[in-house]
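Here are my notes for you, written as a colleague would jot them down. Have the model open while you read, and click on each residue as it comes up.

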Amino acid sequence: MSGAADLVLADATLPDGARGHVAIAGERIVGLGAGPPPPARRRLDLGGRLVIPALTDGHVHLDKTLLGLPWMPHASGDSTRGRIDGEKRVRASLAEPVDQRAEALLALAQRQGTLALRTHVDIDDVCGVRNLERILGLRERWASAVTIQVVAFPQSGILKCPPARELLAEALALGADLVGGLDPLGIDGDLDGHLDVVFGLATRFGRGVDIHLHDAGEAGLGEILAIADRTRAAGLGGRVTVSHAFALGSVPADAAARAAERLAAAGVSILTSAPGAAAMPPIRVLRGAGVTVFAGSDNIRDAWSPFGNASMLERCMLVGYRSGFRTDPDLTSLLDLATSASASVLGLADHGLRPGAHADLLALDAGSVPQAIVERPSPAVVIRRGRIVREETASNAAPLSPSPPGGPR
Ligand SMILES: [Zn+2]
């Protein structure tokens with residue numbers, strides 16, 4: 001390393017358990033390891049706190065959240081269709097555009113150490129691309145704080161919601177990063193018709209794909225395999241995600257294992273939010289086959305779910321809890337769901353705790369990665385591109401509920 005660093009994190013515990021330091025110059029990590037820390041303009045003594053890369057939320061709905069509003073009792077039905085209709089009623093009752101609620105969620109995510117996320121934004125016959133335009137504006141305004149990737153999401157279906165096809169094209173032309181989809185059979189009742197539109201738009205606009213797939217059992221598995229085949233045919237390997245993929249957890253183990261091989265070969269990644277009441281994809285089987293598995297919050301305090309606090313450490317814990325993970329190696333592997341795996345899916349090439357990477361880092365009150373996963377503390381220090389954006393001292397330890405934009409009222 002040449003010259004003094006701008007910032008050095010001294011007396012840190014690194015993810016491999018070693019005690020050492022991290023040196024930062026400008027926006028990047030320039031050194032890390034054991035031994036005395038190099039000279040720096042600022043030295044932050046961590047007293048053994050754990051340093052990890054910033055977290056990535058691979059699936060969240062910024063436009064749906066009701067954060068920042070008074071508590072609203074959950075009123076949607078149990079079926080997917082019931083919830084779609086219920087959400088439209090809730091949305092119609094809201095006077096303000098999405099910005100304030102979405103920013104409350106972004107602020108909360110940032111405090112929880114999430115500095116990159118993929119958000120699915122509704123496109124439908126009622127809201128058109130209105131919410132998407134607002135979220136694209138937030139993507140711009142928040143770029144220095146949180147990296148935001150936007151999926152144009154046909155929440156009411158495509159074939160069952162005729163304007164959706166043209167609205168998806170409009171959303172991609174406006175700058176959405178990926179084209180979404182939703183249960184081709186369960187919502188639209190036409191697997192090929194739905195996938196023709198989704199993959200047609202992905203090819204036409206040169207974008208990736210991220211499809212919500214709740215359909216379970218053999219039907220859902222057939223849809224997942226069709227998506228794998230389409231991905232190969234379109235040359236979109238590495239750019240296609242199936243979100244939720246409940247079917248992989250609801251078919252016999254050997255069928256899931258065969259599907260995992262097909263997904264790995266096609267370059268299709270799987271996103272899970274560890275949902276409370278649905279079959280979960282088998283993490284071990286998928287990873288063993290070479291499938292990239294990553295995690296996301298999904299719904300946070302909205303018409304779909306009253307739960308969620310934007311903590312990706314908590315999301316990793318939930319995936320491990322539901323998967324029966326208990327050993328330290330298994331618990332440690334969970335962090336990958338919200339760091340390296342999710343960063344690779346989002347195309348964040350400079351993510352990680354290594355020289356040359358962006359200095360997007362967290363310091364946690366934990367002595368090891370397994371402890372951090374189990375206890376899921378809010379980060380004591382959040383660093384974005386070399387700049388300290390949160391530094392907790394005894395007097396400013398923030399509560400978990402977000403303040404409205406502009407500060408507490
Ligand atoms: Zn979702």
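1. Let's start with one arginine. R134 has a relative accessibility of 37%, so it counts as partly exposed. Keep in mind that this is a predicted model.

2. Who does R134 pair with? Its side chain meets that of D99 in a salt bridge, at 2.7 Å from N to O. The two sit in distant parts of the chain, 35 residues apart: R134 is in helix 3 (residues 130-141) and D99 in helix 2 (residues 99-111). Is D99 buried or exposed? D99 is buried, with a relative accessible area of 11%.

3. Now hop over to D6 and R41, whose side chains also form a salt bridge, 2.5 Å from N to O. D6 belongs to strand 1 (residues 5-13) and R41 to strand 4 (residues 40-45), so this pair ties together parts that are 35 residues apart in sequence. D6 is partly exposed at 31% relative accessible area, while R41 counts as exposed at 64%.

4. One more pair: R390 and E392 form a salt bridge with their closest N and O atoms 3.1 Å apart. R390 counts as buried at 12% relative accessibility, whereas E392 is partly exposed at 23%.

5. Next, the metal. Which residues hold the zinc ion? Its protein donors are H59, H61 and H212, each through NE2, plus D298 through OD, and they lie 2.1 to 2.3 Å from the zinc. The angles among the four donor atoms run from 88 to 168°. Tetrahedral would need all angles between 85 and 135 degrees, and the site is irregular.

6. Look at where those donors fall in the sequence: the spacing is H-x1-H-x150-H-x85-D. H61 lies in the loop between strand 6 (55-60) and helix 1 (80-92), and D298 in the loop between strand 13 (293-295) and helix 9 (312-323), so the pair ties together parts 237 residues apart in sequence. Both are buried: H61 has a relative accessible area of 2% and D298 one of 11%.

7. Last, the cysteines. How many disulfides are there? A search of the whole structure finds zero. For C127, the nearest cysteine sulfur belongs to C161 and is 8.9 Å away. C127 is buried, with 2% relative accessible area, and C316 counts as buried too, at 0%.

Definitions and conventions
Residues are numbered from 1 along each chain as its sequence is written. This is a predicted model: local features need pLDDT of at least 70, side-chain atom pairs count only at pLDDT 80 or more; totals for chains, interfaces and linings use all residues. Side-chain values use heavy atoms; hydrogens and water are left out. Donors are N, O and S atoms within 2.8 Å of the metal (3.2 Å for Na, K and Ca); water is not among the atoms, so sites may look incomplete. Four donors count as tetrahedral if all angles lie between 85 and 135 degrees; four count as square planar and six as octahedral if opposite donors are over 155 degrees apart and all others between 65 and 115; anything else is irregular. Helices (H or I, at least four residues) and strands (E, at least two) are DSSP runs, numbered from the N terminus. Buried means under 20% relative accessible area, exposed over 50%, partly exposed in between (1.4 Å probe, protein chains only). A disulfide is a pair of cysteine sulfur atoms within 2.5 Å. A salt bridge is a side-chain nitrogen of Lys or Arg within 4 Å of a carboxyl oxygen of Asp or Glu.
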